[in-house]
Amino acid sequence: MEENIDLKSQRRLVMMKHKSLIGFIFCLILILTQTVLAQGEIRQWASNAKASTQFSATDWSAQQATGAPDSLACTDAPTAWASATAADNERLILRYAEAVYPTQVNIFQNYGRGSIVSVAILTEGGQEITLANSQDTELTCPGVFSLAISPMTERVNGVIVYVDQAAVS
């Protein structure tokens, strides 16, 4: 029996380009496989987020990257994460309520695609594993960047998204 569970809403992430708020918004969902009574699939949104920088403590903060997307248009929004400046290489660290054996990471982006230079997963033991082919070169906005994950022997409870905003400036 399979059971699909959306654990938490997800929001967009926005990267700032100077003060004009031009950047990119992307949302993250970590689709994970784990035993739930019978073998099934769990889909969960990030429950906590921390970034190398953020535009403010509320609007455009890292916490805006948690929960389900609330805008799928190709626009800038304060309900998405934005770095402090557009000149930086940044990282967004997302944590999930339940550690699982992941099968896929989907990054929902709705502004400035092409800035993701790599994606890594974090194991419960703290090991960072960079995913193969995790640079997003697609420029269509909005869009979903999907990464399949090879079978894991350790459970995962986090994702790190590395971005280079100069890539789309």
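Q: What makes up the secondary structure of the protein?
A: The protein has zero helices and nine strands. Helices (H or I, at least four residues) and strands (E, at least two) are DSSP runs, numbered from the N terminus. This is a predicted model, in which local features need pLDDT of at least 70 and side-chain atom pairs count only at pLDDT 80 or more, while totals for chains, interfaces and linings use all residues. Residues are numbered from 1 along each chain as its sequence is written, and side-chain values use heavy atoms, with hydrogens and water left out.

Q: What does the pair of C74 and C141 tie together?
A: C74 lies in the loop between strand 4 (48–51) and strand 5 (89–109), and C141 in the loop between strand 7 (128–130) and strand 8 (143–148), so the pair ties together parts that are 67 residues apart in sequence.

Q: Why does C74 count as partly exposed?
A: Buried means under 20% relative accessible area, exposed over 50%, and partly exposed in between (1.4 Å probe, protein chains only). C74 has 34% relative accessibility, so it counts as partly exposed. C141, with a relative accessible area of 25%, is partly exposed too.

Q: What makes the aromatic pair of F55 and W60 edge-to-face?
A: Rings of Phe, Tyr and Trp (its six-membered ring) pair if their centres lie within 6.5 Å; planes under 30 degrees apart count as stacked, over 60 as edge-to-face and the rest as tilted. By this rule there is one aromatic pair. F55 and W60 are 5.3 Å centre to centre with 90° between the planes, so the pair is edge-to-face. W60 is buried at a relative accessible area of 12%, whereas F55 is partly exposed at 36%.

Q: How do you know that strand 5 and strand 9 pair?
A: Two strands pair if DSSP finds at least two bridges between them. Strand 5 and strand 9 have eight bridges, in the antiparallel sense. In strand 9, Y162 is the bridge partner of R91. Strand 6 (residues 116–123) also pairs with strand 9 in the antiparallel sense, over seven bridges, and I116 stands opposite V163 in strand 9.

Q: Why is strand 9 described as largely enclosed by the rest of the structure?
A: Seven of the nine residues of strand 9 (residues 156–164) are buried, so the strand is largely enclosed.
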